[in-house]
Amino acid sequence: MKKATCKSMVIILKKMFQRQLWIFRKIGAKYKKRYSVSLGVMIIAWFSIFMLIMMGYSFIYLQKDHSTCVVPAMYPSYIRLSGFDKKYTKYGKEYGLYLYKERKVLNVHNFQGIPVLFIPGNAGSYKQVRSLASEAAYQFSLFKMDPSLAKHNLKNLDFFSVDFNNDYTAFHGQTLLDQVEYTNEAVKYILSLYQNAQKNNKYGYTPKSVIVIGHSMGGIVIRTMVMMPNYLSGSINTIITLSTPHLLPPILSDRKMKSIYDSVNKFWLQSYFHKNESNPLHAVSLISITGGNLDTMVSSDYCDVSSLIPKSHGFTVFSSSIPMVWTGMDHQAILWCDQLRRVIVKSLFEIVDFKSINQTKPLSSRIDIFKKYYLAPTENSSEKRFLQAPLINPFSGKNIKYTVFPLKRIYILRSFGSISSKSHIYFLPIFPTDIFNFTTLSLLTDQKTISENGKQQIAIFLCKNHVSLTKDSNSRQNPMEIDLKALECKDSEENIIHLPSKNGLSKGYGHFLTYLEYSNHQFNDYQFILIIDKSNNSRNGFLIAEFSNKNVIHVQPEISTTKFLWNRFHIVLGANKSLVSEISIPNIDNSLFTYKLKMNSFTCDNLIFSPIIRQYISNSYESKYFVNTTKIDVNFHGTALFMPPISENSTRRGLNIQFWLDPTCNKPLNISVSLDLYGTFGKLIMKFWTALIIFMYVIIFLCLRKQFRIYNEYGIFINIRNALKLFMRDTFLTLSILPSFLFFCLSIFQFSRAINMDDLLNQQLKNKLWAKDAWKLWSINNLFFGYRDSLFWLLGPLFVTISLGFTIIFTQLTHFLISFTATLYNLLQKHFTKARYRKKRHFFYSFNFSLKLKQRLIAILSLLSLVAVMVPYQFAYFLACIIQFFTCIKTYLNIQKMGFEKALHYKNFKNYVYSVLILMLMHLPFNIPVLVVWVKKISANWRIPFSSHHNIFSILPIITLVEFLANEKMIMRAEPKMAKALDIILLTFSFFLIVYGLYYTYFLHHLVNIFSFFLSILHFIPFLPFFQKFIHSFMQHKKAISY
């Protein structure tokens, strides 16, 4: 009887669930080619892994500059200024202000010098000031020992540094504002320290401003200071930033940080449209120094300030371009690199003017000094300095011996000091323009105009003689008599260009060459090149002077980056090549691509000097030098992602390659330039790593859309793996084509010309360029990948494919983690078989599951109260992810224990909670940075409450959804209108992320929150009749009482 009853029950159950079984078979029919689909999944997953490995290898090992930074020796000590406490600022106990003192050098700090304030960057330490401060103390000690300088009563540089307790400034906008408020008060306090020293000041002036140096995010702190209410007007007039991302924050996950950047850049951009009296930045100079591609933490593209300030107020320079530095640097090395710190400190001493009220020289003088130290004349036009140089007579004695060379196109000197004399003088006649119309005079020598000990080896002048000298054919064969007293000469010291003579620079700084270049309208008025040998030592060396027509090979405009994909660019420099040659490729101007340059090795014997190659970008202060090599990696920086089309001037940025070659080697030089596709992959990681995450979001949203459509139509919620298979079959191709289509559409709306700050300051031109409100320029390039070039149409399909592979891997790993944890729980449960363990078995699921409804509500309300007052909502999100993870484990365990009747329903719930978990876990990394800042402040005994991210509505929908799922409440099948709305929401989210997701990354949380809110409504709808009945009965009861 019992057996018959069981059989009949099975038959009844089969009939009841016949429709559901039919639906499962119907959906399963879509996977007839099961093995082919699985093969496709495996191919995409392995392709993504392969591309990730290849990009990672390229990023770490390929197209990397070689750093030759010298590690300096320092003897630091730090004095905390305890007087600057809570009575000056509310952050007096959390932050600190320090004064640096070098222990090895006797430098008594009596606050009579020039204050310099160092501001560290993200997770930076106040101790990072030691490299610059130590060098300043050393150089000042040398000044004091030099009798010629000691009488000038020079002032020392007093270095201060702020201690932010290694705060993560880049992650949290409010933390940056706290640092800005503290630093402004610190500047006021520092200036007040110098008031007491006013009596001992000969001129009666005390510093009214502070020189400020900022590293990384410290540079943004400085630029924000000048626009805050507690800023002391005029207290900052000189700013030097090291690897500071001026244009965009390194991480776009915090909305407040993005808002700060927008406000600061807008303030700086618009300030220059006012006259000097009303411009708060009219006397402020800003120099941005960046390390190039060795800096993998901050892209050097975002360190460019040419779109924020005019050239009269500052510029951006790469460390590899700075004379006597010539090396790239990583994010930390830029602080301690010995070559760079020497140059920075020298420039700071030179801008000091202790006779001035501000204790620094005027703006124009400061900019000229910074250009002198940071830019070579090849990048900083030397025309103005040449015209301003005075005419002098370098001779004061009598009976001076000299040598006049016969007139030649090329002069070569191979030794110096061969005759014992105090001075050796060489006259090299200049070609008259009526014989040969040469355009350029080039001179290269290994003799130092200024050696390490301060003594010159040679001096170089351009001279003319008022005495009539006939340059006929006879005079070229015989020495000419020159009246030395009648000579008028211009010193070439201001026009000298230093070139490295080998890759890398030793601590002695002795390995460099001296190069001079004059155009014909500069040397036409002169008759001689004068070389004065000031060294008494007989030595080997060389000097080459050549008259030539400048050899610049301009590549045809038709040769673009696309042609480099399958072709190499070849060029031959003939046997009669000049001392200096140059190749210009104007259409190579995109910093995403990298190239390789190869040339045949020199087979000539007894070369005078090794070949020198300089790679640079037109109108951008980025140069790289390569010595005695036949293969170089060509990479550069250009327009940053999402940045407006503003450049240094209206010309395109193009690649230029300059060669210094031995003219005595009469053999041709074959040069080839090719695209380095493998090296280019490394750039993709640096520039577009967020694109991979954004497209993973898009894929998950589209898979959820597929899951809900099937669920609302058939009542079956398919798992995420089947949804990914449907995505591959139905949507993958469309999603791959869409980015390419967007690239083509955006490339149509190109700008006819580029605009720069100096153009925008021209009122008439500004009106023509429709840019009356220049700030609009900052919001026109924030779409999609941030590039408006159809050349990148392949990026879309590539990143969609890689993101799909990562999504497949991520879902599989998450499923494995849930299965592994559930299996581990089962093993533990079997091991603890005693009753006292069985009673506590629910603990392994989650502590939240055993709580009653009232207790759960109390816990949720308590958490929301903490979010509103103390903790950021990111902490609540982290807890929600943990609870959702344990909900998935509980569901996984329960479905194994249920019978056939409940299994069908519970399988839907299992797939549903797992898909929600995938979405939440993908968003977790974007909440971690702010959470890390909060934990850091708690661990540092931060007494002031966390002052941002306390909006409970930013987390309430997510907590509500997690609570529904923790109580095993399956979402109801939506009505047609609601289902349509849900479908449109997910589709809109996907399109929004494709177009704006890379720029507005912080919107991801809002999208997840809105989606959770909509799902919570669908969960709540079944309870509406109960609440309506409850409210109706309550009202009826109230009326009955009133009667």
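A residue is counted as buried when its relative accessible area is under 20%. In this predicted model, Cys881, at 3% relative accessibility, therefore falls in the buried class. Cys303 is likewise buried, its relative accessibility being 0%.

The structure holds three disulfides. When the bonded cysteines are numbered in sequence order, the pairing reads 1-2, 3-4, 5-6. In the disulfide formed by Cys69 and Cys337, the sulfur atoms are 2.3 Å apart, and a value of -100° about the S-S bond makes the link left-handed. This pair connects distant parts of the chain, 268 residues apart: Cys69 belongs to the loop between helix H3 (34-61) and strand S1 (76-80), and Cys337 to the loop between helix H9 (333-336) and H10. Cys69 is buried at 16% relative accessibility, and Cys337 is buried with a relative accessible area of 1%.

The sulfur atoms of Cys463 and Cys489 are 2.0 Å apart and form a disulfide. The torsion about this S-S bond is about 110°, so the disulfide is right-handed. Because Cys463 lies in strand S13 (residues 458-465) and Cys489 in strand S14 (residues 487-491), the pair ties together parts that are 26 residues apart in sequence. A relative accessible area of 0% is found for Cys463 and also for Cys489. Cys604 and Cys665 form a further disulfide, with a sulfur separation of 1.9 Å; the torsion of about 70° about the S-S bond makes this disulfide right-handed. Cys604 lies in the loop between strand S22 (595-599) and strand S23 (612-617), and Cys665 in the loop between S26 and strand S27 (669-675), so parts that are 61 residues apart in sequence are tied together. Both cysteines of this pair, Cys604 and Cys665, are buried.

In soluble globular proteins, nonpolar side chains tend to be buried together. The largest nonpolar core here comprises 201 residues, and those with the most contacts inside it are Leu97, Phe160, Trp268, Phe688, Phe708, Phe785 and Tyr912. Helix H16 (residues 677-714) supplies the largest share of this core, 20 residues. A second, separate core contains 43 residues, including Leu132, Ile211, Val325 and Tyr621.

Aromatic pairs number 54 in the structure. The pair of Tyr515 and Trp660 is edge-to-face, at 5.4 Å centre to centre and with 85° between the planes. Since Tyr515 lies in strand S16 (residues 512-519) and Trp660 in strand S26 (residues 655-660), the pair ties together parts that are 145 residues apart in sequence. Tyr515 is buried, with a relative accessible area of 1%, as is Trp660, with 0%. One aromatic cluster is formed by Tyr697, Phe701, Phe708, Tyr711, Phe717, Tyr912, Phe926, Phe989 and Phe1011. Charged side chains also lie over rings: the charged end of Arg223 sits over the ring of Trp268, 5.0 Å from its centre, and Lys464 lies over the face of Tyr526 at 5.4 Å from the ring centre.

Helix H10 (residues 338-351) has 14 residues and spans 20 Å from its first C-alpha to its last, close to the expected 20 Å. Eleven of the 14 residues of H10 are buried, among them Asp338, Arg341 and Phe349. Helix H11 (residues 363-374) has twelve residues and reaches 16 Å, close to the 16 Å expected. Its buried residues include Leu363, Arg366 and Tyr374, and what covers the buried residues of H11 includes strand S6 (236-242), strand S7 (285-290), strand S8 (314-318) and H10.

Technical notes:
Residues are numbered from 1 along each chain as its sequence is written. This is a predicted model: local features need pLDDT of at least 70, side-chain atom pairs count only at pLDDT 80 or more; totals for chains, interfaces and linings use all residues. Side-chain values use heavy atoms; hydrogens and water are left out. A nonpolar core is a set of buried Ala, Val, Leu, Ile, Met, Phe, Trp, Tyr and Cys residues joined through side-chain atoms within 4.5 Å. Buried means under 20% relative accessible area, exposed over 50%, partly exposed in between (1.4 Å probe, protein chains only). Helices (H or I, at least four residues) and strands (E, at least two) are DSSP runs, numbered from the N terminus. Rings of Phe, Tyr and Trp (its six-membered ring) pair if their centres lie within 6.5 Å; planes under 30 degrees apart count as stacked, over 60 as edge-to-face and the rest as tilted. A charge sits over a ring if NZ of Lys or CZ of Arg is within 6 Å of the ring centre and within 35 degrees of the ring normal. The expected span of a helix is 1.5 Å times one less than its number of residues. Contact means heavy atoms within 4.5 Å. A disulfide is a pair of cysteine sulfur atoms within 2.5 Å.
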